[in-house]
Amino acid sequence: MRARSVLVVAAASACVLLPASSAFAGTGPAPSPGKQSLTTRSTTPSEAGNPFSVKAQAAGVCSDAYQIGATAYINRSGAHVASVKQFYSPKCQANYGYVWVWQSFRDKIKDYDVSTGVYSYARDEVVGQDWWNATNSQEFWSLPADTVKECTAAIGTLRAPGDPVAGQATTAKRC
């Protein structure tokens, strides 16, 4: 157990030493037109994040939103149980947090608590945060975050009944 703790600390320390990219949270290459058109044909939620889904539209996600940065993962008992992503809309000049709960977790745990939002490093707070209690849904979008000109990261939490604290993941910092 002690060796495992040392490995976790060493891995976390190594991540801190990695150089950060220098692009604004809302910058980066947009998906190719072909990839965007595949998303526009459906309102089906997906692990990749579909801004046309019913829940995305209810949260106010703009239809041109696309993922920026890499996906992070919430773990529970050593296994991935949810994905966390950050999205950016050029049209609406907004960022969004996104959590997708994996089916393998949903099959075992029926009611759990979830939250997502966009962490602003400039404000030291989570912006656009939304949360859901005792849910079995799979797809979760934050509210729009006016953070495009700030360094940001998407954050997501997931807590199963009986867990004293929520598991969480944060995407890499985008500046």
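This text walks through some of the links and contacts in the structure above.

Before we start, keep in mind that this is a predicted model, in which local features need pLDDT of at least 70, side-chain atom pairs count only at pLDDT 80 or more, and totals for chains, interfaces and linings use all residues. Residues are numbered from 1 along each chain as its sequence is written, and side-chain values use heavy atoms, with hydrogens and water left out.

Let us begin with the disulfides. A disulfide is a covalent bond between the sulfur atoms of two cysteines; here, a pair of cysteine sulfur atoms counts if they are within 2.5 Å. By this rule there are two disulfides. One of them joins C62 to C92, with 1.7 Å from S to S. The torsion about this S-S bond is about -95°, so the disulfide of C62 and C92 is left-handed. C62 sits in the loop between α3 (54-59) and β1, and C92 in the loop between β2 (79-89) and β3, so the bond ties together parts that are 30 residues apart in sequence.

C62 is buried, because its relative accessibility is 11%, while C92 at 35% is partly exposed.

The other link is formed by C151 and C175, whose sulfur atoms are 2.0 Å apart. C151 lies in the loop between β6 (139-141) and β7 (152-159), and C175 in the segment after β8 (167-170), so this pair links distant parts of the chain, 24 residues apart. With 125° about the S-S bond, the link of C151 and C175 is right-handed. Counting bonded cysteines along the chain, the disulfides follow the pattern 1-2, 3-4.

Now to the aromatic rings. A pair of rings is described by the distance of the centres and the angle of the planes. Rings of Phe, Tyr and Trp (its six-membered ring) pair if their centres lie within 6.5 Å; planes under 30 degrees apart count as stacked, over 60 as edge-to-face and the rest as tilted. The structure holds eight such pairs. One of them is Y73 with W102, an edge-to-face pair at 6.0 Å centre to centre and 80° between the planes. Y73 belongs to strand β1 (residues 66-76), and W102 to the loop between β3 (94-101) and α4 (103-108), 29 residues apart. Y73 is partly exposed at 36%, and W102 is partly exposed at 22%. Elsewhere, F87, Y98 and W141 form one aromatic cluster.

Rings can also have a charge over them, meaning that NZ of Lys or CZ of Arg is within 6 Å of the ring centre and within 35 degrees of the ring normal. The charged end of K55 sits over the ring of F140, 5.6 Å from its centre, and that of K173 over the ring of Y121, at 4.5 Å.

Finally, visit N95 in strand β3. N95 is buried, because its relative accessibility is 0%. Which side chain does the side chain of N95 make a polar contact with? The partner is T147, at 2.9 Å. A polar contact is a pair of N or O atoms within 3.5 Å; within protein, one must be able to donate a hydrogen and the other to accept it, and residues adjacent in sequence count only if both atoms are side-chain atoms.

Terms used: Helix = DSSP H or I, 4+ residues; strand = E, 2+ residues; numbered from the N terminus. Buried < 20%, exposed > 50% of the residue type's maximum accessible area, 1.4 Å probe, protein only.
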